[in-house]
Amino acid sequence: MSYQVTLKPSEHTFTVEENEFILDAALRQGIAFPYQCKTGSCATCLGNVTSGKVHYPDGLPLTIMEHEHEQGKAVFCVSVAKSDLELKVNEIDSSSDVQIKTLPARVNSLKRLADDVMEMTLKLPASESMNFYAGQYLEFIMRDKSRRAFSIANSPSNEEYLELHLRQVPDGIFTNHVFDSMKEKAMVRIEGPFGNFYIRDTSNRPLIMIAGGTGFAPIKSILEKLIEEGDTRPVEIYWGARAKADLYRNDLPEKWALQFEHINYIPVLSEAKDEDNWEGRTGFVHEAVVEDISDISHYDIYMAGPPIMINSAKAKFSEQGLPVDQLYSDSFEYAGAL
Ligand SMILES: Cc1cc2nc3c(=O)[nH]c(=O)nc-3n(C[C@H](O)[C@H](O)[C@H](O)COP(=O)(O)OP(=O)(O)OC[C@H]3O[C@@H](n4cnc5c(N)ncnc54)[C@H](O)[C@@H]3O)c2cc1C
């Protein structure tokens with residue numbers, strides 16, 4: 001038995017077999033469905049069921065609350081159809097000029113921003129460009145074909161180079177190479193852009209942008225784009241790091257907050273050192289957000305950083321009533337697999 005699925009507003013249709021995950025069926029039939037984790041945990045494939053019934057064979061995933069399920073919200077990577085369906089999803093715009101490319105690139109500059117953070121800029125061959133949405137990432141392709149993901153830190157309007165912020169991972173093959181032996185002008189192979197972590201223009205809600213460590217990279221890209229476009233949605237930037245030196249470009253959000261009335265910046269340290277003489281906020285960054293903002297359900301939240309921060313923040317924000325479709329996140333999972 002198979003069911004017919006119609007997507008709104010595009011009117012694209014596809015069929016889904018009984019017990020086949022809806023996302024799998026869509027991808028099998030060439031539909032540009034947004035997705036990332038395929039395990040029900042990131043909510044990238046979240047949408048609305050406007051007609052028909054879906055079922056979760058392994059139970060409701062943590063990303064969807066019972067009342068949201070009842071309102072018709074669904075994640076399609078772990079749900080199956082129980083009838084013909086009409087779904088509302090943000091399909092990826094396949095007509096856009098953002099295309100995934102594999103390219104050689106030259107390391108244009110390497111600059112230490114902190115003991116364990118390197119800013120790298122990459123230059124593409126003169127005839128090439130990589131269009132991307134602010135917040136997306138690229139992958140380095142290693143000699144053994146394994147890949148390492150890093151978020152692009154500059155605004156897409158900067159066509160001169162791609163900026164990355166790389167944190168050195170203990171025993172990390174690629175990041176140790178970058179920190180210990182890579183030289184400017186080295187050639188690398190990259191592929192991208194990837195990812196669904198980019199600003200949605202469909203809401204007028206104020207924004208909360210949360211960075212953990214080098215999670216500042218995609219947040220910087222998004223903010224630079226918003227500033228360039230003269231977007232005046234109120235933005236609360238929270239940057240969580242261990243000690244003061246880990247806020248490796250603290251000058252930038254400080255400058256934005258001084259320059260623009262609609263931008264506010266709150267750095268939060270979890271392990272401030274004595275010599276930091278820190279008088280600012282301390283503790284976990286997501287805790288600071290809920291201490292400061294009594295009703296987060298009025299906001300769209302974008303956050304990027306280590307998985308532990310993303311998972312704790314997701315649980316906390318959901319508890320505080322943030323609808324799942326107002327939260328966008330990029331978890332810096334270890335992604336070195338082939
Ligand atoms: C979408 C995405 C975007 C990312 N963006 C950035 C970014 O902008 N800046 C940035 O610094 N990092 C980012 N990361 C993380 C980055 O991809 C990894 O840290 C990197 O692949 C490490 O490569 P390596 O060769 O040095 O380590 P490997 O040699 O591959 O790993 C060495 C050891 O460290 C562990 N390990 C590796 N990476 C991590 C990690 N991130 N957390 C915990 N343990 C790890 C491995 O399990 C292994 O045991 C991103 C990850 C993803 C998935």
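Analyst: Two residues are in contact, or touch, if their C-beta atoms, placed from the backbone, lie within 7 Å of each other. The model is predicted, and local features are reported from a pLDDT of at least 70, side-chain atom pairs only at pLDDT 80 or more, while totals for chains, interfaces and linings use all residues. Residue numbers run from 1 along each chain as its sequence is written.

User: Which residues does Pro104 touch, not counting those up to four places away in sequence?

Analyst: Pro104 sits in strand β8, residues 101-114 (helices, H or I with at least four residues, and strands, E with at least two, are DSSP runs numbered from the N terminus). Because 12 other C-beta atoms lie within 10 Å, Pro104 is exposed (buried means 20 or more such atoms, exposed 12 or fewer, and partly exposed the range in between, with C-beta atoms placed from the backbone). Once residues up to four places away in sequence are set aside, the residues that Pro104 touches are Pro125, Met187 and Arg189.

User: How many Å separate the C-alpha atoms of Pro104 and Phe140?

Analyst: In sequence, Pro104 and Phe140 stand 36 residues apart. In space, from C-alpha to C-alpha, the distance between Pro104 and Phe140 is 9.8 Å.

User: Is Cys42 buried or exposed?

Analyst: Cys42 belongs to the loop between α1 and β3, where, leaving out residues up to four places away in sequence, it touches Gln36, Cys37 and Ser329. Because Cys42 has 25 C-beta neighbours inside 10 Å, it counts as buried.

User: Which residues are in contact with Ile31, leaving aside its neighbours within four places in sequence?

Analyst: Ile31 is placed in the loop between α1 (22-28) and β3 (46-51), and, with 19 other C-beta atoms within 10 Å, it is partly exposed. Its C-alpha atom lies 9.7 Å from that of Leu7, although the two residues are 24 apart in sequence. Apart from neighbours within four places in sequence, the residues in contact with Ile31 are His12, Phe14 and Ala26.

User: Which residues does Asp325 touch, not counting residues up to four places away in sequence?

Analyst: Asp325 lies in the loop between α7 and β19 (327-331), and its 17 other C-beta atoms within 10 Å make it partly exposed. Ala243, 82 residues away in sequence, is 32 Å from Asp325, C-alpha to C-alpha. Excluding residues up to four places away in sequence, Asp325 touches Leu46 and Lys73.

User: At what angle do helix α6 and helix α7 pack?

Analyst: Helix α6 covers residues 285-292 and helix α7 residues 307-319, with their axes 9 Å apart and at an angle of about 25 degrees (axes are lines fitted to C-alpha atoms, for helices over the stretch in contact, and angles run from 0 to 180 degrees between N-to-C directions). That makes α6 roughly parallel to α7 (under 35 degrees; over 145 is roughly antiparallel, 65 to 115 roughly perpendicular and the rest oblique). Where they meet, Val285, His286 and Val290 of α6 are in contact with Met309, Ser312, Ala313 and Lys316 of α7.

User: Within what arc do the buried residues of α6 fall, seen down its axis?

Analyst: The buried residues in α6 are Val285, His286 and Val289. Seen down the axis of α6, they line one face of the helix, because their arc (taken from the directions from the helix axis to the C-beta atoms) is within 100 degrees.

User: What covers the buried residues of α6?

Analyst: Val285, His286 and Val289 are the buried residues of α6. Their cover includes three strands and a helix, namely β14 (207-212), β15 (235-241), β16 (263-269) and α7.

User: What is the phi of Lys145?

Analyst: Most residues other than glycine have a negative phi. Lys145 lies in the loop between β10 (137-141) and β11 (147-151), and is exposed, with 7 other C-beta atoms within 10 Å. Although Lys145 is not a glycine, its phi is positive, at about 75 degrees.

User: What is omega for the peptide bond from Gly192 to Pro193?

Analyst: Pro193 lies in strand β13, residues 187-194. The peptide bond that joins Gly192 to Pro193 is cis, with omega near 0 degrees.
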